[in-house]
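Visitor: I am new to structures like this one. Could you show me how to read its features, one at a time?

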There are 2 protein chains.
Amino acid sequence: MTTKESIIELAEKYMRGSGYHTFSFHDISRIVGIKTSSIHYHFPVKADLGEAVIKERLKRLKQLKEETSESDPVKKMALFLSIYSRMGAESNVCLAGSVATGLPAMEEKIRNRIQELSGFIVEWVTEILEEGEQSGIFSFETDAKTKALMIISTVMGMLQLSRISDEPDEFRSVLRAILQDLQKSR
Amino acid sequence: MTTKESIIELAEKYMRGSGYHTFSFHDISRIVGIKTSSIHYHFPVKADLGEAVIKERLKRLKQLKEETSESDPVKKMALFLSIYSRMGAESNVCLAGSVATGLPAMEEKIRNRIQELSGFIVEWVTEILEEGEQSGIFSFETDAKTKALMIISTVMGMLQLSRISDEPDEFRSVLRAILQDLQKSR
DNA sequence: ATTAATCTACCTTCTAATAGATAGATTTCT
DNA sequence: AGAAATCTATCTATTAGAAGGTAGATTAAT
């Protein structure tokens, strides 16, 4: 792994662990073992680093979507939820949520990128839901996009709640309930 | 309003607007029109101010719960949701969520207080759901606490999502869906 | 030889926090 | 009632450290 990649990876850890405004170039430099000025070489200002983290994340999610495009809707949804259950297990929050919290204090390029990321996720889940509805595996009352928003917001919110209460079981129960609700009779 | 109250109010605005780590004593002192050292007089360290904000918020919520204890479950739930729709309209996130994002970087007293706040909210909603279930107005598949967690996390997550996408309609649709889902036939 | 990646060294501004002073209000002592 | 002591809320002035950022030198890779 290149130094640049290490920096991005570490910045992502901070952003998902405690937020964009809780780490400094100095924090990263200490851990990676370089000087802060070397970070500035790769990322002129902090916002560039934040942007790179979001871009990287989006790239991976797109890749994952591609790789699983042939699965059935239930598997796709389970995979999607598993991303968040893993975050919960590692006591992280999702990147979009983390950035959203401090959004008004963020630089514009970050706001734009996070909109892109969030838009992709909503679209992805909406597609899974529509596919599942058409094949009769899923059923829900609202339109697919609203349902997608509800599912995504539930997992985002639960990442926050379960990190506060420190009871991972609560998170698991909620994930189970989401899947059951979708596959409910009729 | 006393200076101390002004300080708390402003800190709460910051915490819900952009997070605990995005404001400084200096920011507050400028707006309130006092020196930073005067803030230290009221709140020796920043964590004391953060704690005061959460305490104040919890106090108000408890009061609101008391005041509405005689309403029917549907009204109670609508009231609860309206708290969040108002936040959404003002483009704030909820205090618990805001703190949760940066939790590992927070002082212990803040972690404890936010646990108290979050615990109260979960309990409150759980009680509303149980009451509604008993009187046959609400119906849901899971246990009341899990359902409460789902509702709370949905609104918390939606505050984040709709602030990113900047589409308040999405939020409204989701709130409507939550209430409809609870009152669904049978 | 050129470019890429890193370093040293520095700057400026901000941040949280402390110490000590002051002026006025309130309480307590005699 | 008058004096003494204490409390409240603020100030000025200062600190140590961290923040983000810049300039220029040095080393390593192609």
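What follows is a short tour by question and answer.

Guide: Welcome! Residues are numbered from 1 along each chain as its sequence is written, while chains are lettered from A and ligands numbered from 1 in the order in which they are written. This is a predicted model, in which local features need pLDDT of at least 70, side-chain atom pairs count only at pLDDT 80 or more, and totals for chains, interfaces and linings use all residues.

Visitor: How many helices and strands does chain A have?

Guide: Helices (H or I, at least four residues) and strands (E, at least two) are DSSP runs, numbered from the N terminus. Chain A has nine helices and zero strands. The C-alpha trace of chain A spans about 60 × 35 × 30 Å along its principal axes.

Visitor: What share of chain A counts as buried?

Guide: A residue is buried if 20 or more other C-beta atoms lie within 10 Å of its own, exposed if 12 or fewer, and partly exposed in between, with C-beta atoms placed from the backbone. Of the 186 residues of chain A, 41% count as buried.

Visitor: Let us take one helix, α9(A). What is its length from end to end?

Guide: The expected span of a helix is 1.5 Å times one less than its number of residues. For α9(A), with 15 residues, the first and last C-alpha are 22 Å apart, close to the 21 Å expected at 1.5 Å a residue.

Visitor: Which residues of α9(A) are buried?

Guide: They are F171(A), V174(A) and L182(A). Seen down the axis of α9(A), these buried residues fall within an arc of 65°, so they line one face of the helix. The arc is that of the directions from the helix axis to the C-beta atoms. D169(A) and Q180(A), on the other side of α9(A), are exposed.

Visitor: What covers the buried residues of α9(A)?

Guide: The cover includes α5 (73-89) and α8 of chain A, together with α8 (144-165) of chain B. That brings us to the partner chain.

Visitor: How many residues of chain A are in contact with chain B?

Guide: Two residues are in contact if their C-beta atoms, placed from the backbone, lie within 7 Å. By that rule, 40 residues of chain A are in contact with 40 residues of chain B. On the chain A side, α6 (95-101), α7 (108-134), α8 (144-165) and α9 (168-182) each supply at least two residues. The most comes from α8(A), with 14 residues. By class, this side of chain A has 16 nonpolar, 20 polar and four charged residues. Here Ala, Val, Leu, Ile, Met, Phe, Trp, Tyr, Cys and Pro count as nonpolar, Asp, Glu, Lys and Arg as charged, and the others, Gly among them, as polar.

Visitor: What rotation superposes chain A on chain B?

Guide: Two copies of a chain are related by a rotation about an axis and a shift along it. Here a rotation of 180° with 0.0 Å of shift along its axis superposes chain A on chain B, with an RMSD of 0.0 Å. The two copies are thus related as by a two-fold rotation axis. Copies are superposed by least squares on the C-alpha atoms of residues with pLDDT of at least 70 in both. Also, 100% of the interface residues of chain A are interface residues in chain B, so the copies meet through the same surface.
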